[in-house]
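This briefing goes through one protein model by topic, from a pair of helices to the chain as a whole. Please keep the sequence and the structure in view while reading.

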Amino acid sequence: MTDARQLDVVLRQVPSDAPVRALLETAATDLRAGRADACVARLTGNGAELGGPGAFLLGLAYLRLGDLYRASAAFEQAAEADPGLHAAHVALGRLYVQQRDHARAASVLRRALELAPEDGPTLALLARSYLAVGRPRRAEALARRGLEIVPGDLSLRGALAAALRGQGRHGETVELLEAGPLDDETRVALGRSLLAVGRANDARPHFEAVLRRDGESVGALAGLAEVLEHAGRLAEARGYVLRALAAAPDVARMHLLSARIHLADNRLVGALRAAETALRLAPDDPVAMRLALRASLGQRRFGTAAEFADALLRQAPDDPEAVAALALQQVLDGQASTALGQLQAALEAEPQAGPLHRAAGCALLALGRPDEGAGRLAHALRLDPEDALAASALPAAYDLPEAPAERLAALAHALRSGPSRTTIAPRPPTGDVEVAVEALMRAEPAATLPEPPPRHQPATGPIPKLTPRDTTSPIAVAGALEAAIDLQQRLAVAPPPGVVGWPDLTDLRARLDHLITHHDEPLTVALMGPPGVGRTTLLNALAGQAVIPRGSRALHLIRHGRKGGARIIGRSGEVIDCPLGALAVHLAERPDPRRIEVMLPVDELRGVSIVDPPTGAEPPPADVAVWLVAADAPLEAWAPTAEWLRRQARPAIAALARADVLPLDALKRQLRAVHDHLDGRPLGVVGLAPEQGLAALQARDLKGLKASGLVALHRLLQGGVVQRADVLRDEAAARGTSLIRRDALARSRGAVARLERQAGEVGALSGRLTVDRANLRHELEAEAPGRLRAALRQVVVARAAELNDIQQAREPEVRERRVLGLRRRISAGFDQAVDAVSQALDDTLRQQLTHDFELLDEVYHGDPVAQARLAGLRATLDGYRALLLEQTFGRYKAFLAGWVAHAPLMRWASSAHAGDPAATLASVGLRLDAVPPLDAAEFAATLLDGLTGFVQQTARALEASRAAVAEALVDTLAQGGG
């Protein structure tokens with residue numbers, strides 16, 4: 001709705017006799033005439049009570065002036081003054097969308113929809129908001145609902161196209177947009193989807209048409225750059241990318257496109273710079289990580305490539321390029337055996353991944369196995385002839401030295417000195433298709449994104465049609481997820497600066513994110529039970545025909561599709577879509593797929609998907625289970641069912657498979673026994689003969705179909721699951737939120753208890769340090785000086801034996817030379833004596849510090865952050881200890897050397913002295929009693945000040961952290977119902 005129409009609608013709500021009617025009409029006239037400043041002056045300078053319509057008018061005026069802050073405040077005032085003023089809520093929501101505050105926008109727009117549930121533009125705006133926060137399925141549902149109300153609305157078609165593109169469904173996007181009129185936004189969207197499905201020539205006219213009207217359209221500039229990239233005109237493509245970046249420098253997608261085009265043109269420095277910029281804007285983008293990895297490898301910057309590979313593996317744990325880059329760095333670090341073991345495991349999963357063969361070849365060369373290494377490198381080049389690293393390493397395979405260290409150095413030189421060529425694999429699909437496919441292959445079955453059909457589509461197939469039900473109301477969803485969103489905000493509280501021991505709630509926040517984002521996903525009904533009970537046959541019966549072969553080791557999934565069909569997802573990630581009838585032919589060519597999906601245009605499957613996991617695999621995270629156990633099996637065979645019901649607290653149906661092997665009376669007794677054994681907790685217990693049911697379906701035998709138990713199973717699924725899907729979904733959301741809150745509260749309380757324990761232990765350590773300081777001071781002030789003086793006297797005693805030789809020398813030159821030698825030997829002896837005392841003291845200090853840090857290690861066991869701080873402190877204290885010892889004892893050695901050099905030894909040697917030679921040398925020759933003692937009084941305090949200060953500071957920090965965690969997490973989570 002335009003501003004002019006909004007004005008008319010809002011002014012009609014003001015009574016004709018209202019005191020402000022004339023004022024508002026005059027202000028509206030100013031606004032229509034483009035005099036927004038006059039409108040503001042008139043409304044704010046009058047002093048009248050404006051009410052909701054007046055505040056709304058003021059908000060529009062501020063909006064025209066570009067003052068978003070005041071406009072937001074005016075619209076909020078309008079909505080508060082007149083809660084029923086639909087236009088105020090819509091305008092406020094639109095403003096929040098412009099400010100990228102999509103959470104507040106969704107809240108306001110949901111209120112607007114309560115006032116006008118069928119307002120198409122509001123639905124379009126809310127859909128855009130959901131799309132911006134990564135909920136394309138919710139956006140799609142809202143856009144489809146709006147198009148039912150306003151079929152030709154361009155904004156709704158644009159929102160629906162964006163939602164489909166957000167799910168990688170480009171074919172449907174093209175079909176949607178080619179069927180109707182286009183504006184610039186939808187034309188760009190159509191062009192991008194045409195690019196994604198490989199129709200670059202058809203996309204180009206759309207981008208050019210937009211640029212003729214708006215030369216700065218970012219989407220059109222980027223789209224035309226991709227068209228030129230497809231055509232190999234990379235220089236022209238870079239020009240368009242630069243124009244797009246100038247208009248949108250903070251959009252990560254533009255920098256990704258720039259990186260990709262630079263990389264295709266072998267402009268590696270520019271590619272890396274663009275990919276790094278994209279990562280700063282979108283730190284978790286795996287495409288940016290992959291482009292940065294390739295650009296780094298192209299420049300032979302293996303360490304940088306390994307860093308990007310490490311980040312990429314956190315997003316895609318089995319990515320072969322990342323595994324290969326990390327392994328190559330390990331090889332260059334001298335860990336070729338470790339790298340080879342990891343590569344062999346990766347190659348079993350991805351045997352056609354060229355980078356893995358290249359890295360394995362380098363590892364084998366580093367291990368001295370040239371034949372095997374050359375074979376791997378040659379295979380890597382067969383898979384990718386543009387692999388520059390393999391081309392660099394292969395010629396050196398048989399010229400590497402035999403010595404391991406020299407061999408590794410020569411291999412590194414060969415890798416780093418080869419021609420710099422781009423190591424890029426064949427260009428990935430344009431846009432977000434690559435990311436979407438990777439996400440699909442990593443997704444659990446419960447997170448599969450089915451393709452919702454247009455609403456009210458006629459249902460066909462073996463399962464009877466249900467009355468269509470509207471499960472897309474954003475108001476209902478908001479009510480169901482209020483607690484989850486509130487908890488998400490509570491868990492998002494960041495720790496205050498300096499707080500240690502904050503519990504890691506990242507995984508809980510991720511679980512909440514998943515719960516909120518996938519709240520609208522179809523419920524997953526999993527077929528469970530031991531092998532051989534006919535799960536695949538039952539799945540075929542539910543599909544209405546034998547489409548999935550027996551013995552298949554894939555995961556099987558029945559879900560809704562706009563039209564019937566099948567999809568095969570291979571082990572290496574390839575996706576094949578085919579008609580349902582052709583599934584068997586395609587499976588014969590690909591006998592071991594990872595996943596088989598059957599899409600049926602059946603209304604019931606809009607809210608429910610049925611999954612059959614591979615035999616022996618972990619059961620998927622199911623919302624509902626159908627447990628199949630052989631009808632003639634003992635009751636003990638139902639133990640896993642009972643455990644699942646007890647642990648999961650979710651609905652289940654117990655099915656006695658191969659029920660036709662039992663007489664009717666025996667089957668009835670078994671049904672009752674199973675019901676009682678499971679404490680009556682299942683939705684129901686039914687006997688099934690899947691083979692008989694499938695044959696009856698194919699023969700249109702209604703009596704046989706009923707006898708097979710399929711009708712009873714369908715009723716249970718229909719009444720207990722399909723018709724209650726909303727309730728079950730809300731219950732699951734509430735249960736999931738409660739479990740996450742409980743886990744968060746338990747971790748937070750555990751953190752508080754741990755911090756309290758650590759504070760107590762650190763306090764006790766502080767007392768221990770006081771005793772240690774006293775002991776060390778006694779050692780330095782009393783023990784060490786005495787030991788040193790005794791050691792110095794021992795040196796004198798050892799040298800006194802030279803007295804007679806010196807005194808017997810008649811020539812003064814000989815006596816002087818002998819005295820000089822004596823000085824040197826006494827000085828060297830003193831040095832050794834000081835070093836011995838210093839070493840003994842150093843040993844004492846080392847033992848004491850080791851003991852103190854062992855106590856600190858026990859306090860902080862399992863806390864990597866604190867352990868790192870301790871390691872840094874210990875390194876500092878070790879360096880400080882060595883410095884203090886050198887200063888204290890080194891200075892004393894220098895003093896003693898000077899003392900000996902100036903001692904009156906010559907005069908003492910020139911005259912005869914009676915008595916003990918050693919005593920004479922000490923008292924007369926060296927005057928040892930006059931030597932000042934070692935001054936180490938401050939040594940202990942100086943050394944331990946750092947450790948003591950750290951402990952005291954840590955004790956205070958632990959107490960502050962305990963209080964912060966208790967207040968910010970424990971108290972608020974407990975008050976929130978934890």
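Helices α20 and α25 are oblique to each other, because an angle that is neither under 35 degrees (roughly parallel), nor over 145 (roughly antiparallel), nor 65 to 115 (roughly perpendicular) counts as oblique. This is a predicted model, in which local features need pLDDT of at least 70 and side-chain atom pairs count only at pLDDT 80 or more, while totals for chains, interfaces and linings use all residues. Residues are numbered from 1 along each chain as its sequence is written, and side-chain values use heavy atoms, with hydrogens and water left out.

**Helix pairs**

- The axes of α20 (residues 320-332) and α25 (residues 404-417) come within 10 Å and cross at roughly 135°, where axes are lines fitted to C-alpha atoms, for helices over the stretch in contact, and angles run from 0 to 180 degrees between N-to-C directions.
- Leu328, Val331 and Leu332 of α20 meet Leu408, Leu411, Ala412, Leu415 and Arg416 of α25, contact meaning heavy atoms within 4.5 Å.
- For α8 (residues 120-132) and α9 (residues 136-149), the axes come within 8 Å and cross at roughly 170°, which makes α8 roughly antiparallel to α9.

**Nonpolar cores**

- The largest nonpolar core has 63 residues, of which Leu293, Val331, Leu356, Leu411 and Leu415 touch the most other members; such a core is a set of buried Ala, Val, Leu, Ile, Met, Phe, Trp, Tyr and Cys residues joined through side-chain atoms within 4.5 Å.
- Apart from that core lies another, of 52 residues, among them Val10, Leu23, Leu85 and Leu125.

- Arg294 lies in helix α18 (residues 286-298) and counts as buried because its relative accessibility is 6%, the scale being buried under 20% relative accessible area, exposed over 50% and partly exposed in between (1.4 Å probe, protein chains only).
- The side chains of Arg294 and Glu321 are joined by a polar contact of 2.6 Å, that is, a pair of N or O atoms within 3.5 Å; within protein, one must be able to donate a hydrogen and the other to accept it, and residues adjacent in sequence count only if both atoms are side-chain atoms.
- In helix α41 (residues 917-925), the buried residues are Ala918, Thr920, Leu921, Ala922 and Gly925, and just after α41, Arg927 takes a positive phi of about 50°.

**Whole chain**

- The chain has 42 helices and nine strands, which are DSSP runs (H or I, at least four residues, for helices; E, at least two, for strands) numbered from the N terminus.
- Buried residues make up 50% of the 978 residues in the chain.
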